[in-house]
Amino acid sequence: MVIGGGFAGLSTALAFGRLHPRPPIVLIEPRERFVFVPLLYELMSGELKGWEVAPDYASLLQGRGISHLQDSVSSIDLNARSVTTSSGQALRYSQLVLATGAQPEDFGIPGVRENALNFHTLSDLQPLQERLQELRRRPSGTSSLVIAGAGATGVELACKLVDLLNGAAAVHLVELGDQILPRSRAFNREQAEKALHKRGVSVHLKTKVESVSSTSVQLSGPQGPWEQKHDGLVWTAGSRPTLPDILPSVELHKGRLPVTEALRLQGHPDVLALGDIAVNPDGDELSSWPHSAQAAIQQGQFAAKELQAKLRQSDSSPFVFKDLGEMLSLGIGDASITGLGLTLAGPLAFKLRRLTYLTRLPGLSLGLRAAGAWLVSP
Ligand SMILES: Cc1cc2nc3c(=O)[nH]c(=O)nc-3n(C[C@H](O)[C@H](O)[C@H](O)COP(=O)(O)OP(=O)(O)OC[C@H]3O[C@@H](n4cnc5c(N)ncnc54)[C@H](O)[C@@H]3O)c2cc1C
């Protein structure tokens, strides 16, 4: 049984589904569509279409012998090896793959939950697009948009929003740390700094969001406390795992489920925990894997092999993350890539990033269809 049909869960189900003979697979996922979130920026800007970025599970799973139960798991009983769903179904499992991903974290900062927009999934697009439309109707130079958090999502979003606003509003990027993209490669950070500068984004480093109201944000920075009026604030400053109730309760490590080197939940060898919810408690910064789609896909593929090893009663091997590099979207038609044996920025990087992601879409035939649609589109 696989809980969560995101990058890790769907990759597990698809890879395990290719094995014969194998036990039946049930994928429990409340959404109708899988969302390829690294391309959410392009969906927002209209550079890509919904069917390219968010294919439905029915077509992804068709003919693969995987049952999709469109429901969400509310609790897991590890001793009874059973799960209960929101609709009240109780299901038993022999092996469980838990991959329920993450959601935005507001760290308890007053007003964030009530007043901030998010950029995390498909349902976040419409409110943001409506706000952009409203800003474009106002006289230019009168509005401000604030993005909190200068990690990859904040930086990529800032560049794309400036291009879409076309001067209709000033864009501010607020970051608690002393640099943007703290976890990125130097080349990508430099390209991102250039892209932000070129677009006139005001970057406020070492600046903390203290509280947010519907029209302003209270900040404290190197010059002390100050207020920034806003006509929209997008929160990209943190995330936390989305976990169903687990009984008996599991002690979290840094807020995530601790797993063995074979991605088994510590103390519970029948459960694999993958993707954004999991952490290797013994790994240091270097040997640990990042919380990214890239790592989640590799973990899903590893989990399928691990399940097969269990069926054959053979030994587990450790999961080893293979770093394939980093690609950033830096506005309409612009990107930066470090990896794949190259460093590249500009329109060619944009095309390569899009093609790479489209061909990485789960279910190769869809990926190729999508890539084909892009290659022939003007
Ligand atoms: C805007 C944005 C851009 C990103 N860009 C990149 C990028 O360029 N490169 C990169 O490597 N990473 C990127 N990431 C990070 C990447 O998307 C995540 O690390 C990745 O999705 C984690 O995979 P996952 O399988 O753990 O979780 P997810 O992909 O989030 O999947 C979790 C799934 O579980 C389901 N679920 C949740 N709760 C339950 C429940 N109780 N029962 C059943 N199902 C449930 C959800 O509906 C969801 O489908 C980006 C993230 C964002 C938000």
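Predicted model: local features only at pLDDT ≥ 70, side-chain atom pairs only at ≥ 80, totals over all residues.
Student: What makes a run of residues a strand or a helix here?
Tutor: Both are DSSP runs, numbered from the N terminus; a helix is H or I with at least four residues, and a strand is E with at least two. Helix 7 has 14 residues, and strand 11 covers residues 169-174.

Student: How do you know that strand 11 and strand 12 pair?
Tutor: Two strands pair if DSSP finds at least two bridges between them. Strand 11 and strand 12 have three bridges, in the parallel sense, and therefore count as paired. One of the bridges joins H172 to S202 in strand 12.

Student: Which partners does strand 10 have?
Tutor: Strand 10 pairs with strand 11 in the parallel sense over six bridges, and S144 has A170 of strand 11 as its bridge partner.

Student: What is the order of the five strands in the open sheet?
Tutor: The order is 9-16-10-11-12, and the pairing is parallel.

Student: Why is one side of strand 9 and of strand 12 left without a neighbour in that sheet?
Tutor: Strand 9 (117-118) and strand 12 (202-204) stand at the edges, and each has a single partner strand, so one side of each has no neighbour in the sheet.

Student: Which strands does helix 7 touch, and what angle does it make with strand 11?
Tutor: Helix 7 (residues 152-165) packs on the sheet and touches strand 10 (143-148), strand 11 and strand 16 (233-235); its direction makes about 175 degrees with that of strand 11. Such angles run from 0 to 180 degrees between N-to-C directions, with axes fitted to C-alpha atoms, for helices over the stretch in contact.

Student: Why is the unit of strand 10, helix 7 and strand 11 called right-handed?
Tutor: These three elements make a right-handed β-α-β unit. The term applies because, with the strands pointing away from the viewer, the path from the first strand over the helix to the second runs clockwise.

Student: How does the span of helix 7 compare with the expected one?
Tutor: The expected span is 1.5 Å times one less than the number of residues. Helix 7 reaches 20 Å from its first C-alpha to its last, close to the expected 20 Å. Just after helix 7, N166 takes a positive phi of about 50 degrees.

Student: Why is N118 called partly exposed?
Tutor: A residue is buried if 20 or more other C-beta atoms, placed from the backbone, lie within 10 Å of its own, exposed if 12 or fewer, and partly exposed in between. N118, which lies in strand 9, has 19 C-beta neighbours inside 10 Å and therefore counts as partly exposed.

Student: What makes V320 exposed?
Tutor: V320 has 10 other C-beta atoms within 10 Å, so it is exposed. Its place is in the loop between helix 9 (293-311) and strand 23 (325-329).

Student: Which residues are in contact with N118, leaving aside its neighbours within four places in sequence?
Tutor: They are P104, D124 and W235. Two residues are in contact if their C-beta atoms, placed from the backbone, lie within 7 Å.

Student: What makes strand 20 and strand 21 a pair?
Tutor: Strand 20 (residues 264-265) and strand 21 have two bridges, in the antiparallel sense, so they meet the requirement for pairing. They form a hairpin with two residues between them, and G267 in the turn has a positive phi of about 85 degrees.

Student: What is the order of the open sheet of four strands?
Tutor: The order is 6-5-4-18, with mixed pairing. The twist averages 20 degrees from one strand to the next. Strand 4 (residues 73-77) and strand 5 (residues 82-85) pair in the antiparallel sense over four bridges, and I76 has V83 of strand 5 as its bridge partner.

Terms used
Residues numbered from 1 in each chain as written.
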